Amino acid sequence: MTNLTNNQKEVINQVEEVKMNVMDLNELKKKLAKARKDLTSLENKNMNPAVIEAQKKIVEELEVEVANHPEMKASEIKVKPDFITFEVVDGDTYQKTEVSKKLAFVENNRPIDSKKVSTFISIISDGKYEKAYPVIVIPAASLVEQGYTVKDIEGKPIPQEEVKDYFVVLDGQHRSIAFARINATGKTRVIPNVRIKEKENIGEYLVDINRIGNWNTKDKITVAALVNKEDELLNVMAKRMEEGFNPSTLGLIYTKKKLSDKATSLALKGEEYTLPQGAEINIERGNKFITFCQMAGIEVKDITKRYFIEGFEGYSSATSEEKAFDALGKLGSLEDKAKKFKAVKSGNDFITLLKKASK
């Protein structure tokens, strides 16, 4: 009985020791794996239930420690612009120099996927990050001089007097943000194998370094807007996609037709593209439609389902554009409007609502 009591005391002391020490996440995961293995061994040997229960407590405590470890919570932290260390590698001499800069991104680079960032946080924390893959950056000042818009990690434009403090990440956005989030927890991590590029046509460079086959339409149009800085249609679509719109619906809203894959591919190359037959670019009209919908209380996630623009176009053709906008402007006065908007499953459903509003 004395030995059993000592065993129980020993495992309880181990639990308290784990509580007192915030260890490296990788080491903590190893300790959890060993604790689980020990528990399985005790159960297989039919050890005294009290000993097994004590070991289960160790496992449970370690599981909580892992789940609540700062690095595991990194993806939930709102990261503010702050200096982090880049290990810059000279392309000719391969000499490494640590440089302190803030993260920046060129407007209309590929959208950030939060799931990918979370995956990289886990990989980096587990010590499995592959340093062979370079992170490509360019001094923010260089891009600003070329007329590009650069933003910080919060998505805010960087003041002219501060651009010297930033590196714009061209390739390795998800990895860089993962490092930044981990650093925000207080765990210092250096971004390894960073290469500085000087490139005039950044959009063309982004197309070259990425495999287009892995890009979705949203990615392609976003970068096409970067390649074609003066193209009003592509740029307004890129900005609206940041709000949650999908590219197909935006094509209908701004041109009455969806952009073809061929047109998008040509735009990515900086070449002239043509719209589908019957398409007509009208940015002002498209913005007016979106504004009226939002004023009525229709959420972006619903507007982008296309039923609303299809119904609007159908009602406009049957009456007139003036009457269609007049009815759209009166939608906000409908009773139970939120419920009615949710029930829209086709263009005809929205036409019915416009007719009710116009009475």
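At what angle do helix 9 and helix 12 pack, and how far apart are their axes? In this predicted model, helix 9 (residues 232-242) and helix 12 (residues 283-296) pack at an angle of about 20°, and their axes lie 11 Å apart. Axes here are lines fitted to C-alpha atoms, for helices over the stretch in contact, with angles running from 0 to 180 degrees between N-to-C directions. Helices are DSSP runs of H or I with at least four residues, numbered from the N terminus.

Some conventions come next. The model is predicted, so local features need pLDDT of at least 70 and side-chain atom pairs count only at pLDDT 80 or more, while totals for chains, interfaces and linings use all residues. Residues are numbered from 1 along each chain as its sequence is written, and side-chain values use heavy atoms, leaving out hydrogens and water.

I return to the helix pair. Helix 9 and helix 12 are therefore roughly parallel to each other, a term for angles under 35 degrees. On the helix 9 side, the contact (heavy atoms within 4.5 Å) is made by Glu232, Leu233, Val236 and Arg240. Helix 12 contributes Ile283, Asn287 and Ile290. By class, the residues of this contact are four nonpolar, one polar and two charged; Ala, Val, Leu, Ile, Met, Phe, Trp, Tyr, Cys and Pro count as nonpolar, Asp, Glu, Lys and Arg as charged, and the others, Gly among them, as polar.

How many residues of helix 9 are buried? Eight of its eleven residues are buried, and helix 9 is thus mostly covered; buried means under 20% relative accessible area, with a 1.4 Å probe and protein chains only. Among them are Leu233, Val236 and Arg240, which also take part in the contact with helix 12. The cover over the buried residues of helix 9 includes helix 8, helix 10 (247-255), helix 11 (261-268) and helix 12.

Asparagine 228 sits in the loop between helix 8 (217-227) and helix 9. Its relative accessible area is 15%, so asparagine 228 is buried. Not counting residues up to four places away in sequence, asparagine 228 touches Leu234, Asn235, Ala267 and Gly270.

Finally, I turn to confidence. The chain has a mean pLDDT of 84, and 85% of its residues reach 70 or more; pLDDT is the predictor's confidence in each residue, from 0 to 100. Over residues 1-5 the pLDDT is below 50, and this stretch has three contacts in the model beyond near neighbours in sequence. Where pLDDT is low, the predicted coordinates should not be read in detail.

Note on methods
Helices (H or I, at least four residues) and strands (E, at least two) are DSSP runs, numbered from the N terminus. Angles under 35 degrees count as roughly parallel, over 145 as roughly antiparallel, 65 to 115 as roughly perpendicular and the rest as oblique. Buried means under 20% relative accessible area, exposed over 50%, partly exposed in between (1.4 Å probe, protein chains only).
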